[in-house]
Amino acid sequence: MSSLEAKIDRQKLPRHIAIIMDGNGRWAQEKGHDRLYGHFHGVESVRDIVEGCAELGVGYLTLYAFSTENWDRPANEVNGLMELLVDTIRKEVETLNRNNIRLHVIGDTAMLPEYAQQELREALDMTAANTGLGLVMALSYSSRWEMVEAVKKIAVDVQQGLLQPTDIDQSILSKYLCTSEFPDPELMIRTSGEYRISNFLLYQLAYAELYFTNVRWPDFRKENLYEAILDYQQRERRFGKTSAQVQEAPL
């Protein structure tokens, strides 16, 4: 066990960690390679962080793998990312099952190539019985898309008489989001020195602690994860209350 890992309070882990995996392309270009080289090496970071979360006992890990805006990138990069996605899923399912990790996917997956959709369906089925870490891949995802889709579904249910407008509250809205199965993230990490949320889980991150690091994603490893969790554990989670109210609350 590393010295940083030993400092982590296992009783105060964030139940759900969300990560914006930023910096693959810049990491590659800084080393004189094309952007896909960075995405390829970013997979090694995914493996390490998934393993780290599973070892610690984190309940859910959401990785922002591909946004709807990413479809506007150069065709060769998008095609390469799709091929890398399929190849990675095919190789990693056995490891996920061995470690009792269940795969989930959120996003407009209908936009993915059919071969990628097929690989995802098979991986979801093959890991469905696992009860450990929930690994949530955000693919072809954007938060604004998600909220528009939720509003459309609510409108249809109201129109059909299944839901009354006066019944709609935060808990109802949450049930129509892609993340209805999961608790909201308590810690959001973004790598590579950018200080934006970039259309990622805008509703769900309302009370998440935000952690930004200059480390590029391909260099992000367990020790960096531990640093983020330790930083999270030093913060006071007030949810609109005062410090005095939080300190006086019963354990």
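A disulfide here is a pair of cysteine sulfur atoms within 2.5 Å, and by this rule the count comes to zero.

A word on what you're looking at. This is a predicted model, where local features need pLDDT of at least 70 and side-chain atom pairs count only at pLDDT 80 or more, while totals for chains, interfaces and linings use all residues. Residues are numbered from 1 along each chain as its sequence is written, and side-chain values use heavy atoms, with hydrogens and water left out.

Let's start with helix α6, residues 143-159. The helices (H or I, at least four residues) and strands (E, at least two) are DSSP runs, numbered from the N terminus. With 17 residues, α6 reaches 24 Å from its first C-alpha to its last, close to the 24 Å expected at 1.5 Å a residue; the expected span is 1.5 Å times one less than the number of residues. Its buried residues are Ser 143, Glu 146, Ala 150, Ile 154 and Asp 157. Looking down the axis of α6, you'd find these buried residues within an arc of 70°, so they line one face of the helix; the arc is that of the directions from the helix axis to the C-beta atoms. Over on the other side of α6, Arg 144, Val 151 and Gln 159 are exposed. The cover for the buried residues includes β4 (134-141) and α7 (170-175), where contact means heavy atoms within 4.5 Å. After α6 comes Gly 161, with a positive phi near 80°.

Now for helix α8, residues 222-233.

Next, the open space. A pocket is found on a 1 Å grid over the protein atoms alone, as an open set of points where a 1.4 Å probe fits, with protein on both sides within 12 Å along at least five of seven lines; lining residues have an atom within 4 Å of a point. The largest pocket has a volume of about 1,100 Å³, and 44 residues line it, with Met 21, Val 46, Tyr 64, Ala 65 and Met 137 nearest its centre. Elements giving two or more residues to this lining are α2 (24-30), α3 (35-56), β2 (60-67), α4 (75-98) and β4. The largest share, 11 residues, comes from α3.

Finally, a few loops. Asn 100 isn't a glycine, yet has a positive phi of about 60°. You'll find Asn 100 between α4 and β3 (102-106), partly exposed with a relative accessible area of 29%. Asn 199 also has a positive phi, near 65°, and sits in the loop between β5 (187-190) and β6 (209-212); at 14% relative accessibility, Asn 199 counts as buried. Pro 74 is in the loop between β2 and α4 and is partly exposed at 49%.

Technical notes
Buried < 20%, exposed > 50% of the residue type's maximum accessible area, 1.4 Å probe, protein only. Points joined across faces, edges and corners; volume = space filled by probe spheres on them.
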